[in-house]
Amino acid sequence: MKNNIFDTALIFEGGGMRVAHSAGVTNAMLDCGLHFNYVCGVSAGSSNAVNYLSRDRERTKRSFVDFVEMDDVIGLRHWIKGEGYFTAEYLYGAASLPGGPLPLDFTRFQENPAELRIAAFDCETGETVYWKRKDIETIQDLLQMVRCSSTIPLMMPKAEFRGKIYVDGGIKDGIPLDIALRDGYEKFFIVLTREKGYRKKPSKIQRLLDCKFRDEPVLADSLHNRWVRYNKQMELIERLETQGAAIVVRPDRMRVRSTTSNRVKLEESYYDGYLLAMSNMDKWKIFLNI
């Protein structure tokens, strides 16, 4: 498996089921031969990054569209029972192993030489951890990394990996741009899940979050200030875009929420992303010099 883009970092934002749109963008890139050698993903964007590196078009779509029709994987009844709105233990476990309904081709993933960064929030230190390929020994390692990165506080129980507790990597680094900058990249291809000009506001459930995590000040503080950090990242991304250093892919219209479970709406968002990408492909190829 070979790649053809070496000077540009590919970055996937999270956003729960909003990543259905990014999945459409991803499959258009695969169809048109855009193979980046450096890929970052955070939260649900980490799932998309892994699917992209596996070059698995079917799983890319199924992960954010078709999977909602799988039996007993999403819903408030799971949350009430303490399993989480998304049944993470199953989705990032048996469902994604060989023989499951959403199998990850780990051999194919391993054959891709591209660098990978998966972001997760360390609940003890309050820092963002970025796992790399060298940290992945088994398919279970990879799936648990993605689970940690995608574990939304309140909506899903915390995830453990190698003796440490993690939650959603987007809490501190909503878009994993900083790691690409630290790794020396100067050109960026950033796939977002919000419309142009979007800015976060203080959470409407901030009091609930403060109460829930009052005994975890590191996590509580990061959740409290998440919107400030995210907006600063967006300002930087817009500067890079204006300077010609970044292609920023945004939905013209985001049809779904992070928790949407309606397959029809998710598929519409997926095709929004696919068509958006295909209509911009020539421009993107010029930027990427391919």
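Me: Which elements do the buried residues of helix 10 pack against?
Reply: Happy to start there, with the reminder that this is a predicted model. Helix 10 spans residues 217–224, and its buried residues are Leu-219, Ala-220, Ser-222 and Leu-223. These buried residues pack against strand 3 (115–122), strand 6 (164–168), helix 9 (206–212) and helix 11 (226–242).

Me: What arc do those buried residues of helix 10 cover around the axis?
Reply: Leu-219, Ala-220, Ser-222 and Leu-223 are the ones to look at, as they are buried in helix 10. They lie on the same side of helix 10, because the arc they cover around the axis is only 165°.

Me: In which sense does strand 3 pair with strand 2, and which residue of strand 3 is the bridge partner of Gly-41?
Reply: Strand 2 and strand 3 are joined over 5 bridges, and their sense is parallel. To find the pairing in your viewer, pick Gly-41 and look across to strand 3, where its bridge partner is Ile-118.

Me: Which residue in the turn between strand 3 and strand 4 has a positive phi?
Reply: Strand 3 and strand 4 (residues 128–131) run antiparallel and are joined by 4 bridges. The two strands form a hairpin, with 5 residues between them. The residue in that turn with a positive phi, of about 75°, is Gly-126.

Me: Which residues stand opposite Ala-120 in strand 4 and in strand 6?
Reply: Strand 3 pairs with strand 6 in the antiparallel sense over 3 bridges, and 4 bridges join strand 3 to strand 4. In strand 4, Ala-120 stands opposite Val-129. In strand 6, the residue opposite Ala-120 is Asp-168.

Me: How are the rings of Tyr-38 and Tyr-185 arranged: stacked, edge-to-face or tilted?
Reply: The structure holds 9 aromatic pairs. In the pair of Tyr-38 and Tyr-185, the ring centres are 4.3 Å apart. Planes under 30 degrees apart would count as stacked and over 60 as edge-to-face. The planes here are at 35°, so the pair is tilted.

Me: How many residues apart in sequence are the parts that Tyr-38 and Tyr-185 tie together?
Reply: Both Tyr-38 and Tyr-185 are buried. Tyr-38 belongs to strand 2 (residues 38–42), while Tyr-185 sits in the loop between helix 8 (178–182) and strand 7 (187–191), so the parts they tie together are separated in sequence by 147 residues.

Me: Which residues form one aromatic cluster with Trp-284?
Reply: Let's begin with Phe-189, whose ring centre is 5.0 Å from that of Trp-284; the planes are at 90°, so this pair is edge-to-face. The pair links distant parts of the chain, with Phe-189 in strand 7 and Trp-284 in helix 12 (residues 263–288), 95 residues apart. Phe-189 and Trp-284 are both buried. The residues that form one aromatic cluster with Trp-284 are Phe-36 and Phe-189.

Me: Which residues are linked with Arg-263 in a network of salt bridges?
Reply: The count of salt bridges comes to 18, and in one of them Arg-263 meets Glu-69 at 3.5 Å, N to O. Arg-263 lies in helix 12 and Glu-69 in the loop between helix 3 (57–62) and helix 4 (76–80), so this pair ties together parts 194 residues apart in sequence. Glu-69 is exposed, with a relative accessible area of 56%. The residues linked with Arg-263 in the network are Lys-61, Asp-66, Glu-69 and Glu-267.

Me: Is Arg-117 buried or exposed?
Reply: Arg-117 and Glu-115 meet through their side chains in a salt bridge of 2.8 Å, N to O. Glu-115 is partly exposed, with a relative accessible area of 33%. Arg-117 has a relative accessibility of 6%, so it counts as buried.

Key. Residues are numbered from 1 along each chain as its sequence is written. This is a predicted model: local features need pLDDT of at least 70, side-chain atom pairs count only at pLDDT 80 or more; totals for chains, interfaces and linings use all residues. Side-chain values use heavy atoms; hydrogens and water are left out. Rings of Phe, Tyr and Trp (its six-membered ring) pair if their centres lie within 6.5 Å; planes under 30 degrees apart count as stacked, over 60 as edge-to-face and the rest as tilted. Buried means under 20% relative accessible area, exposed over 50%, partly exposed in between (1.4 Å probe, protein chains only). The arc is that of the directions from the helix axis to the C-beta atoms. Contact means heavy atoms within 4.5 Å. Two strands pair if DSSP finds at least two bridges between them. A salt bridge is a side-chain nitrogen of Lys or Arg within 4 Å of a carboxyl oxygen of Asp or Glu.
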